[in-house]
Amino acid sequence: MIQQGTPLFRKTSFAFFAAGFNTFAILYCVQPLLPEFSKEFTIDPTTASLSLSITTMVLAISMLIFGSLSEVWGRKPIMIFSMLASSVFCILTAFSSNFHVLLVFRTIEGISLAGLPSIAMAYLGEEIESKSLGAAMGLYICGNSIGAVFGRVFSGMMSDYFGWHIAIGGIGLISLAATLIFWNALPPSQNFKARPFVIKKLGQSLMDHLKAPGLVCLFVIGFILLGTNVALFNYIAYVLLGKPYSLSQAFISWTFFIMIIGMFSSVWIGKLVDRHGKQKLLFISLFLALIGVCLTWESNLIVKIGGLGFFTFGFFGAHSVASSWVGQLALQNKAQASSLYLFFYYTGSSVGGTLGGLFWSAYGWGGVISMNVGFLVVGFILWAWVSKMAQSANKVTKIA
């Protein structure tokens, strides 16, 4: 097992940092471009949001397939293919002549992107020792946050000066470089054991995970987390473009830079988990996210942006805890458990992004906030359930 502080740990962590950067830069590069799509293609905000929602929905479904296939074919080859294909299709998206063509390419991107996140947590769970897993997972999610920030800021800035075609094409080229880094740096799996390709058994193992109450609670928490995140950041751009703010697209793109906070919170929370436990850190992270959502109701621009910061800190911290908790609760078929978590996670993105558009159209920014508060309240209820189950399991272990 790979231990923290060793050269192999640093090499592996760097590889997954590049992988997370690649995936999230491609996935979220369209988010600051939604107002541009609305303007150029004459579509409403809810329709424009499909450029992100349809990608995450297809990504969620495809991860179930890739997660199962990796139990047979291995981890590294599928992850490399995923990164390479998604980078190429990102470049092709830049040549879209209309919104329908753009959606076709974004759908294909969702399929090709799925091979990395559905397997990454399983690889780390198999190769990294348990005491170092929190730090390794935090660094991987750190790469996710950096990629998400860079993809949004880069595309927003480039779009303002050169148009959205150049913005998306540039993201694709940068992602190709990240793919080469990952290919060269990641060591082959040492603890992976291939399974025969038996669809019935693979399907049965998926159902076994869905019958585990603790895992299901974490799956739905993932759904809530990204659903809230996407709804918040999808429509804040429309708020800031309108009165009384009337900010430029370039300036608004820099508001996404606040997600850099996720780089620190995911790593920091990941390290604190080893000392203070997952239950406490997940509650604190959800609470900070709730405070952040409520602060965005304030009309003062500084307070509104500060609310985004609070939410981002809590969001990435909660995701880091929940995702690593899944890896430990799933004693077998970890890739499938991870892919199920991410299936719910990215389905939350699609549902939250589209549902948020309906609330935005009907009730404005207050409607989006109300929806997100409702999501997070459900998250606290699920946290209470999974914490209670964890405490019961610990008591049984001590008695045994």
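Domain bounds here come from an automatic or database domain assignment. On that basis, the protein chain is divided into domain 1 (1–197) and domain 2 (199–399). Their C-alpha centres lie 18 Å apart. The contact (heavy atoms within 4.5 Å) takes 53 residues from domain 1 and 54 residues from domain 2. This is a predicted model, in which local features need pLDDT of at least 70 and side-chain atom pairs count only at pLDDT 80 or more, while totals for chains, interfaces and linings use all residues. Residues are numbered from 1 along each chain as its sequence is written, and side-chain values use heavy atoms, with hydrogens and water left out.

Between domain 1 and domain 2, about 4600 Å² is buried, and carbon and sulfur atoms give 68% of that area. Buried area is the accessible area (1.4 Å probe) that two parts lose on being put together, summed over both. Nine residue pairs, both residues at pLDDT 80 or more, are in polar contact between the domains. A polar contact is a pair of N or O atoms within 3.5 Å; within protein, one must be able to donate a hydrogen and the other to accept it, and residues adjacent in sequence count only if both atoms are side-chain atoms. On the side of domain 1 that touches domain 2, the residues divide into 31 nonpolar, 15 polar and seven charged. In this grouping Ala, Val, Leu, Ile, Met, Phe, Trp, Tyr, Cys and Pro count as nonpolar, Asp, Glu, Lys and Arg as charged, and the others, Gly among them, as polar.

Thr 179 touches Asn 22, Ile 80, Met 83, Leu 84 and Ser 87, not counting residues up to four places away in sequence. A polar atom of the Thr 179 side chain lies 3.4 Å from the backbone oxygen of Met 83.
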